[in-house]
Amino acid sequence: MESKADSSTGRFDAMKWLVVFVLIAVGVVGNQYFNAESLLYRVLALVVLAMVAAFVALQTDRGRRFATLLKEARVEIRKVVWPTRPELIQTTAIVVVFVLVVALLLWGMDSFISFLVSGFIG
């Protein structure tokens, strides 16, 4: 019984995704067709089409799972302990100094190898 419900949901999901892709195609083609119109009107029409397409996409199984993922990610981001400003500045300074030191070392090795090769080539 459950597999029958899953297959019908999958079939409707495919039709919903088809509607989403048609809405996106209408937006792209309409934007090209009405390129002489005001940019404001075209942007507003694209925003409305995008919102309708997003609403239809969120009605599918994958869309619901994506919305759940976003909600869970937001919860996890709230749990992050962000560094203080002094920690951020200190860490950034360490990274910049390290990158400069490595760049100087690579430049020095490149110059030395270039000097050796030019010595052999003449």
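The paragraphs below walk through the confidence, helices, core and charged side chains of a predicted model.

Residues are numbered from 1 along each chain as its sequence is written, and side-chain values rest on heavy atoms, with hydrogens and water left out. Because this is a predicted model, local features need pLDDT of at least 70 and side-chain atom pairs count only at pLDDT 80 or more, while totals for chains, interfaces and linings use all residues.

Confidence is a friendly place to start. The protein chain has a mean pLDDT (the predictor's confidence in each residue, from 0 to 100) of 90, and 92% of its residues reach 70 or more. Helices here are DSSP runs of H or I with at least four residues, strands are runs of E with at least two, and both are numbered from the N terminus. Within the protein chain, the mean is lowest in α1, at 81, and highest in helix α4 (residues 85-121), at 96.

An unreviewed UniProt entry places the feature "transmembrane region" at residues 12-33, 39-58 and 88-109. Positions from UniProt are given in the numbering used here, feature names are shortened, and annotations may be inferred rather than shown by experiment. In the model, residues 12-33 are 100% helix and 0% strand, with end C-alpha atoms 31 Å apart. Residues 88-109 are likewise 100% helix and 0% strand, and the end C-alpha atoms of that span lie 32 Å apart.

The largest nonpolar core has 5 residues in all: Val 20, Leu 23, Ala 53, Val 56 and Ala 57. Helices α1 and α2 (39-58) are the elements that give two or more residues to this core, and α2 supplies the largest share, 3 residues. Such a core is a set of buried Ala, Val, Leu, Ile, Met, Phe, Trp, Tyr and Cys residues joined through side-chain atoms within 4.5 Å. Buried means under 20% relative accessible area, exposed means over 50%, and partly exposed lies in between (1.4 Å probe, protein chains only).

Leaving aside neighbours within four places in sequence, Val 20 is in contact with Ala 53, Val 56 and Ala 57. Ala 57, found in helix α2, counts as buried because its relative accessibility is 12%. Not counting residues up to four places away in sequence, Ala 57 touches Trp 17, Val 20 and Gly 63. The C-alpha atoms of Ala 57 and Trp 17 are separated by 6.5 Å, although the two residues are 40 apart along the chain. Ile 94 in helix α4 is 48 Å from Trp 17, C-alpha to C-alpha, and 77 residues away in sequence. With 53% relative accessibility, Ile 94 counts as exposed.

Lys and Arg count as positive and Asp and Glu as negative, while His and the chain ends are not counted. A salt bridge is a side-chain nitrogen of Lys or Arg within 4 Å of a carboxyl oxygen of Asp or Glu. Asp 13, in helix α1 (residues 2-33), is buried yet has no salt bridge; the nearest side chain of opposite charge, Lys 16, is 4.3 Å away. Beyond residues up to four places away in sequence, Asp 13 touches Gln 59, Thr 60 and Asp 61. Arg 42, in helix α2, is also buried and without a salt bridge, with Glu 37 as the nearest side chain of opposite charge at 7.9 Å.

A search of the whole structure finds 2 salt bridges. One joins the side chains of Asp 61 and Arg 65 at 3.7 Å, N to O. Asp 61 and Arg 65 are 4 residues apart in helix α3 (residues 61-79), so about one helical turn separates them. Asp 61 is partly exposed, at 36% relative accessibility. In the salt bridge between Lys 79 and Glu 76, the N to O distance is 3.3 Å. Lys 79 and Glu 76 are 3 residues apart in helix α3, so about one helical turn lies between them. Lys 79 counts as exposed at 56% relative accessibility, whereas Glu 76, at 46%, counts as partly exposed.

How values were computed
Contact means heavy atoms within 4.5 Å.
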